[in-house]
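Let's take a walk through this structure together, one stop at a time. Have the sequence and the 3D view at hand.

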Amino acid sequence: MKLLTSAPRGTQDILPKDSYKWRFVENLLLDQASKFQFKEIRTPVFEHTELFLRSVGQDTDVVQKEMYTFLDKGNRSITLRPEGTAGAIRAMLEHNLCNENLPVRLSYIDSCYRYEKPQSGRWREFSQFGCEMIGSSDPLADAEVISLCDSIFKRLSLNETYIEINSVGCPKCRGKYYESLKEYFEKNKDSLCNTCLSRLERNPMRILDCKKSDCLKIAENAPSILDFLCSECKEHFEEVKKYLDVAEIKYNVNPKIVRGLDYYTKTVFEVISMHEGSKGLVCGGGGRYDNLVEELGGPPTPALGFGLGIGRILLAMGDLLNFIPQYKACDVYFATLGEEAKTLAFQLANILRDSSFVVECDTLNRKLKPQMKYADKIAAKFAIVLGEEEINSKKAKIKNMADSSEKPISLDNDFLKEFFEIYTDFEKNKLLGN
RNA sequence: GUGGGUAUAGCUUAGUUGGUUAAAGCGCCAGUUUGUGGCACUGGAGACCGUGGGUUCGAAUCCCACUAUCCACCCCA
């Protein structure tokens with residue numbers, strides 16, 4: 001078969017055999033966030049390009065080479081969102097949510113888009129769960145957001161996941177730190193890789209993130225941001241750690257973590273999964289961004305948040321996904337012979353469905369045998385055969401597919417009542433282990 | 001963006017030093033007499049061997065390009 005085309009590069013179709021797993025994880029994420037009073041917000045998939053230029057930052061890789069940007073028919077520059085924070089904050093400001101109760105706590109599940117070369121755990125279209133807490137500068141807010149993130153992984157039984165935290169300070173302390181970093185790397189310029197040389201000018205902190213062995217070696221002895229934090233930032237960071245300790249949340253302080261987006265200040269953190277299939281993959285990240293709200297035209301407002309890649313979470317979960325409850329099994333399958341039977345089955349099926357049973361009827365006009373085969377394959381609990389005899393006598397047999405036992409059932413007004421009796425009996429026996 | 005692997009039915013794969021109608025298992029469909037599933041047996045549908053060039057009398061097999069996919073780097077969720 002020659003298909004016209006296939007799904008675009010870096011996208012994925014989530015088929016019925018997997019979609020329920022996604023749904024389960026998504027529900028769990030939103031539910032856990034709601035325990036911390038985060039409420040769902042839904043924002044557009046695309047925004048005006050300038051939003052991301054300003055928030056994510058001109059110099060970032062995301063903006064420089066990964067955005068899906070195009071002109072619409074009205075000549076507006078539009079960009080498919082590469083992350084969730086900017087849109088959430090924009091919407092919050094546009095609808096004056098921060099003029100109501102502070103803090104504002106928002107959660108979302110967004111499809112995001114980045115033009116990257118796909119590989120394991122990386123797609124061009126990916127689903128991101130995020131939470132944003134706007135209005136508090138208190139270190140407890142940081143601890144609470146990290147705690148939410150941590151609790152999610154606990155709830156998912158992802159135990160080989162750990163949290164790394166750092167503080168990138170405020171623009172004030174970062175200025176001094178950059179100078180010192182530049183000075184340090186200038187001295188070791190000869191051993192740096194080419195990418196790092198260009199980073200030296202634009203964003204020396206990114207050199208700390210380089211994985212090349214030569215750069216790693218130099219970075220090892222580079223000055224640490226933690227030694228340059230101003231008293232306010234330092235105190236803030238200490239408080240955050242104190243709260244995390246109280247909550248018995250495990251974390252490593254890693255002065256080398258640098259988040260990829262420009263808006264971060266003070267606390268930043270990453271969630272790294274060491275599970276099979278996602279070894280060392282960053283499946284979440286976040287931090288404080290005290291200047292972003294103002295940057296987008298709002299009043300000076302402290303805020304912070306985090307994002308998790310849902311695809312990466314599923315990757316990390318691996319075999320755990322097998323324990324997720326699947327779609328409801330079929331309660332009753334109607335095997336039908338002839339037009340009249342088909343019609344009757346259709347009516348009876350809807351009666352059962354109104355009582356929230358899961359029912360399926362034959363729609364392929366197959367012979368009885370293949371129909372029973374099918375009922376078996378879909379693991380129907382009961383099968384009811386309808387043919388000429390049954391219609392004439394207004395009585396049918398309902399077959400328990402597990403033990404092949406059959407019981408009579410009326411097809412008239414008593415149908416639902418009798419079915420209930422048979423069904424509860426069946427469930428009772430199951431509980432008793434028969 | 002850089003480097004490497006892979007590309008044969010829906011899925012998993014076989015395909016010998018290039019040689020004629022490209023195999024198998026699973027899955028799907030149908031049958032094994034009349035209206036009943038799980039087992040077994042029989043049969044069937046389904047592949048222009050990723051695409052396009054080239055080498056050759058002859059290419060799934062060799063060469064080149066492209067595309068897709070996977071992996072690593074970069075970056076990140």
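How many aromatic pairs does a search of the whole structure find? The search finds 18 aromatic pairs. Keep in mind that this is a predicted model; chain A averages a pLDDT of 90, with the lowest confidence in helix α7 (residues 194–202), at a mean of 69.

Let's visit one of those pairs. Phe269 and Phe306 form a tilted pair, 6.3 Å centre to centre with 50° between the planes. Phe269 belongs to strand β9 and Phe306 to strand β11, 37 residues apart, so the pair links distant parts of the chain. Phe269 is buried at a relative accessible area of 1%, and Phe306 is buried too, at 2%.

Now look at the sheet around them. Its eight strands form an open sheet in the order β1-β5-β6-β11-β10-β9-β7-β8, with mixed pairing. Because β1 and β8 stand at the edges with a single partner strand each, one side of each is left without a neighbour in the sheet. Strands β5 and β6 pair in the antiparallel sense over ten bridges, and Tyr113 has Glu125 in β6 as its bridge partner. Helix α11 (residues 310–317) packs on the sheet, touching β5, β6, β9, β10 and β11. Helix α1 (residues 16–35) lies across β1, β5, β6 and β11, at about 5° to β6.

Our last stop is helix α15, where Phe419 and Tyr423 lie four residues apart, about one turn of the helix. Their planes are at 35°, so this pair is tilted. Both residues belong to a cluster linked by ring pairs, which also includes Phe357 and Phe382.

Definitions and conventions. Residues are numbered from 1 along each chain as its sequence is written. Chains are lettered from A and ligands numbered from 1 in the order in which they are written. This is a predicted model: local features need pLDDT of at least 70, side-chain atom pairs count only at pLDDT 80 or more; totals for chains, interfaces and linings use all residues. Side-chain values use heavy atoms; hydrogens and water are left out. Two strands pair if DSSP finds at least two bridges between them. Helices (H or I, at least four residues) and strands (E, at least two) are DSSP runs, numbered from the N terminus. Contact means heavy atoms within 4.5 Å. Axes are lines fitted to C-alpha atoms, for helices over the stretch in contact, and angles run from 0 to 180 degrees between N-to-C directions. pLDDT is the predictor's confidence in each residue, from 0 to 100. Rings of Phe, Tyr and Trp (its six-membered ring) pair if their centres lie within 6.5 Å; planes under 30 degrees apart count as stacked, over 60 as edge-to-face and the rest as tilted. Buried means under 20% relative accessible area, exposed over 50%, partly exposed in between (1.4 Å probe, protein chains only).
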